[in-house]
Amino acid sequence: MPKIELKNVYKIFGEEPQSVLPLIKNGATKEEILEDTDHTVGLDNVSICVEEGETFVCMGLSGSGKSTLIRHINRLIDPTEGEVLVDGVNVLEFNEKELLELRRHEMSMVFQRFGLFPHKTVKENVAYGLEVQEKPLEERNQTAEEQIKAVGLSGFEHQYPSQLSGGMQQRVGLARALATNPGILLMDEAFSALDPLIRNDMQDQLVELQSKLHKTIVFITHDLDESLKLGDHIGILNDGKLVQVGKPEEIIMNPADDYVASFVKDVNRAKVLRAKTIMLSPEKYSANGKGSGETYKVLENSFIEEFLPLVLEKRSVVEVIDKDGNTMGFITEIELAQSLSKT
């Protein structure tokens, strides 16, 4: 069972969205709807599945529907039509009390503009969700200190947000979101307001934390490099429609349309493609009359950029192995060249 599932979700902004719904279902475009009815299409028949413990990145240009989508998960926005399920339960059927419990205990959200309380210290900001949950003061402080340490802010517990840099403030926001130990973390353009170097540092921080915590994360961004770095799966939106969902290497190697292709055309494939994606099976490798020769062993999930210099310099074959050391396949110069030049 997926942790999060959106089924055939439509969202139309305007005074009479139900009257506009048939037009969308009959194929009217977002531009036509706006011109003819003065309604705005936020989402057009979007369905996604997010597995427990994965990072699902949703990306697209401004106005594509990214933020609209993520706000459906915790019902900051209700759909015009469709279902939103968490652990198989349709949250659209929740009453006010059930919805409040869902937001307090199961989900946390990290915003682009931090959303910190200026009159509270770092520790007080981080502990705020636990305060809302009415946890004892000692437990709140202990948990806050643990999360502050986890995001690398030890020593800043008693500082105020105005005394911190933008990157540090976003770390506080992340620590606050993690303090309630939610199963789901919603991150809406969480790093977009940061300078490039700080943004890269925050991405690394999130990857490291996720490797330990295994939260279910829905991450919204307009940046492809960020998507490729963070996402187990990527969903690409265009004018409210979900045009492609796949693993990073699938998006790069097989763009669904010209819109997706325009996103990925300048990507360094060596940083995205994994060894197992392009390897020849042992049977096919042998059938081509190739011997093992001099080989370098790499794990199946190794990125090409890790072993590319070895192959190009030594003109050697790469042997792909699993975590137990068993041979899964081979990569030669030809396979590398073809994968890196594919458009």
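**Figure 1. Lys 25 is partly exposed, with a relative accessible area of 43%, and its side chain meets that of Glu 81 in a salt bridge.** Buried stands for under 20% relative accessible area, exposed for over 50%, and partly exposed for what lies in between (1.4 Å probe, protein chains only). The model is predicted: local features need pLDDT of at least 70 and side-chain atom pairs count only at pLDDT 80 or more, while totals for chains, interfaces and linings use all residues. Residues are numbered from 1 along each chain as its sequence is written, and side-chain values use heavy atoms, with hydrogens and water left out. The N to O distance between Glu 81 and Lys 25 is 2.6 Å. A salt bridge is counted where a side-chain nitrogen of Lys or Arg lies within 4 Å of a carboxyl oxygen of Asp or Glu. The pair links distant parts of the chain, 56 residues apart: Lys 25 belongs to helix α1 (residues 17-25) and Glu 81 to strand β4 (residues 81-86). Helices (H or I, at least four residues) and strands (E, at least two) are DSSP runs, numbered from the N terminus. Glu 81 is also partly exposed, at 30% relative accessible area.

**Figure 2. Further salt bridges include Arg 75 with Asp 78 and Glu 208 with Lys 212.** Side chains of opposite charge can pair when their charged atoms come close. The count of salt bridges comes to eleven. Arg 75 and Asp 78 meet at 2.9 Å, N to O. Arg 75 is buried, with a relative accessible area of 16%, whereas Asp 78 counts as partly exposed at 33%. For Glu 208 and Lys 212 the N to O distance is 3.5 Å. Both of these residues lie in helix α9, four residues apart, or about one turn of the helix. Glu 208 is partly exposed, at 44% relative accessible area, and Lys 212 is exposed, at 57%. Lys 3, Asp 87 and Glu 106 are linked in a network of salt bridges.

**Figure 3. Six strands form an open sheet with mixed pairing.** The order of the strands is β6-β7-β8-β3-β9-β10. Strands β6 and β10 (241-246) stand at the edges, and each has a single partner strand, so one side of each is left without a neighbour in the sheet. On average, neighbouring strands of this sheet are turned by 15° against each other, direction ignored. Two strands are taken as paired if DSSP finds at least two bridges between them. Strands β3 (residues 55-59) and β9 (residues 233-238) are parallel and joined by four bridges. Within this pair, Cys 58 stands opposite Gly 235 in β9.

**Figure 4. Strand β6 (residues 107-110) has buried side chains pointing both ways.** Met 107 and Met 109 point one way, Ser 108 and Val 110 the other way, and all are buried. Strand β6 runs parallel to strand β7 (residues 184-188), to which four bridges join it. Val 110 stands opposite Met 187 in β7.

**Figure 5. Helix α8 (residues 166-179) lies across β6 and β7.** The direction of α8 is at about 175° to that of β6. Helix α9 (residues 196-213) packs on the sheet, where β3, β7 and β8 (216-221) are the strands it touches, and its direction makes about 165° with that of β8. Axes are lines fitted to C-alpha atoms, for helices over the stretch in contact, and angles run from 0 to 180 degrees between N-to-C directions. Contact means heavy atoms within 4.5 Å.

**Figure 6. Glu 134 and Asp 239 have a positive phi although neither is a glycine.** For Glu 134 phi is about 65°. Glu 134 lies in the loop between α6 (128-132) and α7 (137-150), and counts as exposed at 71% relative accessibility. For Asp 239 phi is about 55°. Asp 239 is found in the loop between β9 and β10, and is partly exposed, with a relative accessible area of 31%.
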